[in-house]
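User: I'd like to learn how to read a model like this one. Can you take me through it, beginning with a single residue?

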Amino acid sequence: MSILFLAIAWNVSPTLPGQAPGKFYGLIFHFYGASLLTAMFGPAIALTILFPVAFLGVYVIQGGYVEASQHYLMVCVLPTFFAYLTIQAIQKYIPKHLFVLILGNGYVAAFMSVILSGSFLLLVRMLLGGAVSSFDFEGWLLGLIIIAFMEGSLSGMLLAIFLIFRPNWVSTYNEEAYMSR
């Protein structure tokens with residue numbers, strides 16, 4: 001059921017007035033869910049869950065294997081990878097505390113996964129010879145920060161809700177490690 005809801009959420013993309021719909025740098029408010037699933041289940045299960053979401057949300061609704069594959073790589077694989085790296089760094093260098101779990105694994109990992117994924121995609125675009133002279137870097141950066149803030153906020157809130165009401169759904173949560181103090 002959550003796969004269906006996430007697939008629907010991927011296709012609901014309200015934009016700000018005056019912005020072109022469907023553009024990554026057009027301030028699309030969009031919940032990816034990759035970092036939340038990584039914080040809850042780890043990267044392997046997150047990518048497994050996100051694969052049918054990409055297939056349902058992109059291929060079935062919008063059509064095309066190429067678009068679904070690109071979407072899976074950009075919106076699932078890259079954010080999951082960067083969220084996992086961020087979570088590993090937080091767990092290694094910051095003491096275990098429930099607040100750190102929610103803020104670090106929920107908000108910071110999601111925020112950083114969007115920022116790092118977007119920066120990586122921009123770097124790839126520049127290296128592959130994209131039109132850099134006509135590129136609105138400031139607008140793109142502002143849109144990326146807004147998207148990252150929204151992703152972090154939603155992931156952090158949802159992780160907190162899951163930890164309060166359904167802690168058994170968060171397989172990366174160890175009550176003994178986080179609540180022993």
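Analyst: Helices (H or I, at least four residues) and strands (E, at least two) are DSSP runs, numbered from the N terminus. This is a predicted model, where local features need pLDDT of at least 70 and side-chain atom pairs count only at pLDDT 80 or more, while totals for chains, interfaces and linings use all residues. Residues are numbered from 1 along each chain as its sequence is written, and side-chain values use heavy atoms, with hydrogens and water left out.

User: Is threonine 38 buried or exposed?

Analyst: Buried means under 20% relative accessible area, exposed over 50%, and partly exposed in between (1.4 Å probe, protein chains only). Threonine 38 has 3%, so it counts as buried.

User: What does the side chain of threonine 38 reach?

Analyst: A polar contact is a pair of N or O atoms within 3.5 Å; within protein, one must be able to donate a hydrogen and the other to accept it, and residues adjacent in sequence count only if both atoms are side-chain atoms. Here, the threonine 38 side chain reaches the backbone oxygen of alanine 34 at 2.7 Å. For contacts in general, the cut-off is heavy atoms within 4.5 Å. Leaving aside neighbours within four places in sequence, threonine 38 touches residues including Pro43, Thr80, Tyr84 and Thr172.

User: Now zoom out. How many helices and strands are there?

Analyst: Seven helices and zero strands. Of the 181 residues, 36% count as buried.

User: How do I read a nonpolar core?

Analyst: Look for a set of buried Ala, Val, Leu, Ile, Met, Phe, Trp, Tyr and Cys residues joined through side-chain atoms within 4.5 Å. The largest one has eleven residues, among them Leu36, Ala83, Leu101 and Leu159. Helix 2, helix 4, helix 5 and helix 6 each supply at least two of its residues, and helix 2 gives the most, with three. A second, separate core of ten residues includes Leu122, Trp140, Leu144 and Ala148.

User: What span should helix 6 have?

Analyst: The expected span is 1.5 Å times one less than the number of residues. Helix 6 (residues 137–165) has 29 residues, so it should span 42 Å, and its end C-alpha atoms are 42 Å apart, which agrees. Its buried residues pack against helix 2 (34–41) and helix 5 (98–127).

User: Where is the kink in helix 4 centred?

Analyst: The bend at a residue is the angle between axes fitted to the seven residues ending there and the seven starting there. In helix 4, a kink of about 30° is centred on leucine 73.
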